[in-house]
Amino acid sequence: MSESHTLEALFGGTFDPIHFGHLKPVEVLAAQVGLKKVTLLPNNVPPHRPQPEASPSQRVEMVRLAIANLPLFDLDLREMQRDTPSFTLETLTELRAERGDNQPLAFIIGQDSLLTLHKWHRWEELLSLCHLLVCKRPGYDSTMETPALQRWLEQHQIRQAEALHQHPCGRIFLADTPLVSISATEIRDRLHSGQSCDDLIPPAVSAYILAAGLYRKP
């Protein structure tokens, strides 16, 4: 077992817009796991979903505003500088090369992403680059789609977060995070219909959306 390093965690997303469903579970996760920093990675061209409604610069500005007073969070714009789809494996390969082989790195995903991870680009290689930290999501199954995938999960799953700091990669930790039933789609739908979303998004982000005329009625 290697000596303990400070675990770095990364959290990617479209953030169209960023909301409390992104931030609150990750704050709880950070406390559970002992994270000092979570780096947000907004993506420019998401490979698995429709193009975002807000522009790249607008989404970046909303993230900046959301985390301005939250010292836990940092921002990395490398995926925004790509015109091609943002594959997590490529980003993690870059980060691993920068951080070196011994730095513990973790990638935060939701339970929904864990269940469809086998559809990601070269997904089998992810754990050779990072740990996976999984946040609960309301309404999603707790077991994988096939027995083989369930065995893969159980083979890599750990119960004690300390191991994440002592190894550079290869573990999966299922965090006991709050079930926050908020989605960016729901927020956009509410804003399209003229409803307030002040309870779902940080006040500075809400003010920016209003000032920029984002997500108005179609």
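How many residues of strand β2 (residues 38-42) are buried? Five of the five, so β2 is largely enclosed by the rest of the structure. Keep in mind that this is a predicted model. Here's a quick tour, starting with that strand and moving out to the cores and the salt bridges.

**Strand β2 and its partners**
- Both faces of β2 are covered, with V38, L40 and P42 buried on one side and T39 and L41 buried on the other.
- Strand β1 (residues 8-13) runs parallel to β2, and the two pair over five bridges. Within that pairing, G13 has P42 of β2 as its bridge partner.
- To get from β1 to β2 the chain goes through α1, and this β-α-β crossover is right-handed.
- β2 also pairs with strand β3 (residues 73-75), again in the parallel sense, over three bridges. Here V38 sits opposite F73 of β3.

**Nonpolar cores**
- The largest nonpolar core has 44 residues, and the members touching the most others are I18, V38, L40, I108 and L133.
- Helix α1 (residues 20-33) supplies the largest share of this core, with six residues.
- There's a second, separate core of 24 residues, and L41, L117, W120 and L149 are among its members.
- Take L40 as a close-up: beyond its neighbours within four places in sequence, L40 contacts F11, F15, I18, V63, I67, F73, D74, L75 and D76.

**Salt bridges**
- The model's salt bridges number 12.
- D76, one of the L40 contacts, forms a salt bridge with R78, with the closest N and O atoms 3.1 Å apart. Both D76 and R78 are buried.
- R82 and E94 form another salt bridge, at 3.3 Å between the closest N and O atoms. This pair ties together distant parts of the chain: R82 lies in the loop between β3 and α3 (88-99), while E94 is in helix α3, 12 residues apart.
- R122 is partly exposed at 42% relative accessibility, and E125 is partly exposed at 33%.
- Through shared partners, salt bridges join E8, D76, R78, R82, E94, E98 and R99 into one network.

Terms used
Residues numbered from 1 in each chain as written. Predicted model: local features only at pLDDT ≥ 70, side-chain atom pairs only at ≥ 80, totals over all residues. Heavy atoms only, no water. Core = buried A, V, L, I, M, F, W, Y, C linked by side-chain atoms within 4.5 Å. Buried < 20%, exposed > 50% of the residue type's maximum accessible area, 1.4 Å probe, protein only. Helix = DSSP H or I, 4+ residues; strand = E, 2+ residues; numbered from the N terminus. Contact = heavy atoms within 4.5 Å. Pairing = 2+ DSSP bridges. Right-handed = clockwise from strand over helix to strand, strands pointing away. Salt bridge = Lys/Arg side-chain N within 4 Å of Asp/Glu carboxyl O.
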